[in-house]
Amino acid sequence: MVKTVEIAWKECLQIIKDNVSKASYRTWFEPIVPLKLEDNVLTIQVPSTFFYEFLEEQYIDLLRKTLTKVIGSGVKLEYHVVMGDNGYNKQAYTVKMPTSGKPNLSNRPLHLPVDKDTASIKNPFIIPGLKKMHVDPQLKPENSFDNFVEGECNRLARSAGFAVASKPGGTAFNPLFVYGGNGLGKTHLAQAIGIEVKKQFPEKIVLYVDSSRFQTQYAEAIRKNNRNDFVHFYQMIDVLIVDDVQYFATKIGTQDVFFHIFNHLHQLGKQVILTSDKSPVELQGLDERLLSRFKWGLSADVQEPDFKTRIEILKMKSYQDGINIDDEILEYIASHITSNIRELEGALISILAQSTLNRKEITLELAKQMIDKLVKNSRREISIDYIQKVVCNYFNMSVEKLNSKTRKREVVQARQIAMYFAKSMTKSSLASIGANIGGKDHATVLHACKTVNNLMDTDKRFKYYIEEIDKKLKM
Ligand code: ADP
Ligand code: MG
């Protein structure tokens, strides 16, 4: 006669009870819910992945013997892991485990048992309901290698990244540490590696996470008292990408937990990819233990793209948008936005948007207008030439006159104002300001700054001039 799942499990529990301590029985067997018994497969529900692994590590022999005795030989055990609290989220996945054969978890470290109520994995990356443990890698398809333009500025990082993707964990580049300034392609490259791994090795568990998300998850895990599940989740990853690790600085708890995860992954030959705005040598506020590990693999930087690369990036992006833009215009953009690929992209997007919204052709004129706005908005250094131009414009005076030897009062005053702004808005020295404005010495510039400051305190109208010019300069 075929036993119902309840009866079968009850019989199993009786045997188990005699073979484990009372405490273990209560902790590890009472919470199990028998779900079904079909085709010689017993499905049991356990509260967490950790729970399942613990059973596998500690009790697999007992389970095998018991199931064989109660249900018959050839019996298989399936786990149904519940995630989310109080069984409300029926998020679950099933792990198939033949009851014969060695569990493949022998080299996993032993985790301390966690409280049953908090043992459920609530990791946002886990897609529920799939047959196998599945982690959403958090990759954006547009960040592929195909879309990543190679140039002098990123050649080493790119090729190391590609090597890593073709042999995750199997190169000397572990960890691969990609560093460089804002908007130079670190995130894109790191994601490209993940995408390529998934393409070449679909079975590998890849996860991209930025450091602040990691941080938040960790804080949450601590709050909910399931640090173990957090650590365990990360220790399952085959290719872990952590973006912007500089934000780990001074966060001691996070660094500590990351240290353990890192060591575990590295030991198992799993690939770790890190990005940062600084090289490991320059990173401040990070534990020496971590820094020394960051240096184990390869550090490769991404630099500002040269003109040719900028053009190529613009070409690729506009091609992807299905828009053909004159070389002349692309060159204009590429020669005015030089230090940041994100801004380069932004410029192109706003030109396209302008042209679409206003149904205007994309002309050099339009591009110039847009770029001028963008460039002024960004915190570029204002040049002394530009200051002179604006000041002269304001007072309706030619730049030649400002730079002439004349001692006419209004010219002197305009000159002083130009010097004052040059001092406050540029990094130039007093001497070089003087040399550039009217060929004066540094003492004259110093005097000019004092005079302007005094006048602003005493002369309302003068103060108004200054404020107006200031606005124009920052426009
Ligand atoms: P970072 O992480 O270094 O601040 P991102 O990776 O976010 O920079 O890059 C900023 C933008 O520039 C993204 O939209 C990215 O797709 C693009 N980008 C960066 N490098 C390249 C490249 N080599 N080829 C094409 N696009 C790039
Ligand atoms: Mg980034």
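A backbone N or O atom of L184 lies 3.2 Å from an oxygen atom of ligand 1. This is a predicted model.

Me: How much of the accessible area of ligand 1 does the protein cover?
Reply: Ligand 1 on its own has 550 Å² of accessible area. It sits in the largest pocket.

Me: Which elements give two or more residues to the shell around ligand 1?
Reply: The shell holds 18 residues, and the closest are V149, G183, K186, T187 and H188. Helix α5 spans 186–200 and helix α12 spans 341–357. The elements that give two or more residues are α5, α10 and α12.

Me: How far is an oxygen atom of ligand 1 from an N or O atom in the side chain of T187?
Reply: T187 is among the closest residues around ligand 1. The contact uses the side chain of T187, whereas L184 uses a backbone N or O atom. For T187 the distance is 2.7 Å.

Me: Which residue has a side-chain N or O atom 3.2 Å from a nitrogen atom of ligand 1?
Reply: The atom on the ligand side is a nitrogen. With T187, the ligand atom is an oxygen. The residue that faces the ligand nitrogen is K317.

Me: How many salt bridges does the structure hold?
Reply: Side chains of opposite charge can pair when their charged atoms come close. One such pair is E152 and R155, at 2.9 Å from N to O. Another is D327 and K315, at 3.9 Å. The total for the structure is 17.

Me: Is E152 buried or exposed?
Reply: E152 meets R155 in a salt bridge. R155 has 35% relative accessibility and counts as partly exposed. E152 has a relative accessible area of 56%, and the cut-off for exposed is over 50%. E152 is therefore exposed.

Me: How many residues apart in sequence are the parts that K270 and D238 tie together?
Reply: K270 forms a salt bridge with D238, with the closest N and O atoms 3.1 Å apart. K270 lies in the loop between α8 (252–267) and β8 (271–276), and D238 in the loop between α7 (227–235) and β7 (239–243). The pair thus joins two loops, and the separation in sequence is 32 residues.

Me: Which helices does the pair of D327 and K315 tie together?
Reply: The side chains of D327 and K315 meet in a salt bridge of 3.9 Å, N to O. D327 lies in residues 327–336 and K315 in residues 307–320, so the pair ties together parts 12 residues apart in sequence. D327 is partly exposed at 42%, and K315 is partly exposed at 40%. The helices are α11 for D327 and α10 for K315.

Me: Which residues do salt bridges that share partners join into one network?
Reply: E152 and R155 have a salt bridge of 2.9 Å. Shared partners extend the network to E150 and R158. The members are E150, E152, R155 and R158.

Me: What is the omega of the cis peptide bond that joins N174 and P175?
Reply: Most residues other than glycine have a negative phi, and most peptide bonds are trans. P175 is in the loop between α4 (155–166) and β5 (176–180). The bond from N174 to P175 is cis, with an omega of about 5 degrees.

Me: What phi does N396 have?
Reply: N396 is found in the loop between α14 (384–395) and α15 (399–402). At 75% relative accessibility, it counts as exposed. N396 is not a glycine, yet its phi is positive, at about 55 degrees.

Me: How far apart in space are L283 and Q246, C-alpha to C-alpha?
Reply: L283 is in the loop between β8 and α9 (288–294). At 6% relative accessibility, L283 counts as buried. L283 and Q246 are 37 residues apart in sequence. In space, the distance is 6.7 Å.

Key
Residues are numbered from 1 along each chain as its sequence is written. Chains are lettered from A and ligands numbered from 1 in the order in which they are written. This is a predicted model: local features need pLDDT of at least 70, side-chain atom pairs count only at pLDDT 80 or more; totals for chains, interfaces and linings use all residues. Side-chain values use heavy atoms; hydrogens and water are left out. A salt bridge is a side-chain nitrogen of Lys or Arg within 4 Å of a carboxyl oxygen of Asp or Glu. Buried means under 20% relative accessible area, exposed over 50%, partly exposed in between (1.4 Å probe, protein chains only). Helices (H or I, at least four residues) and strands (E, at least two) are DSSP runs, numbered from the N terminus. A residue is near a molecule or strand if one of its heavy atoms lies within 4 Å of it. A polar contact is a pair of N or O atoms within 3.5 Å; within protein, one must be able to donate a hydrogen and the other to accept it, and residues adjacent in sequence count only if both atoms are side-chain atoms. Accessible areas come from the Shrake-Rupley method with a 1.4 Å probe; for residues, only the protein chains shown count as cover. On a 1 Å grid over the protein atoms alone, a cavity is a set of points where a 1.4 Å probe fits but cannot get out, and a pocket is an open set with protein on both sides within 12 Å along at least five of seven lines; lining residues have an atom within 4 Å of a point. A molecule sits in a cavity or pocket if more than half of its atoms lie within 2 Å of its grid points.
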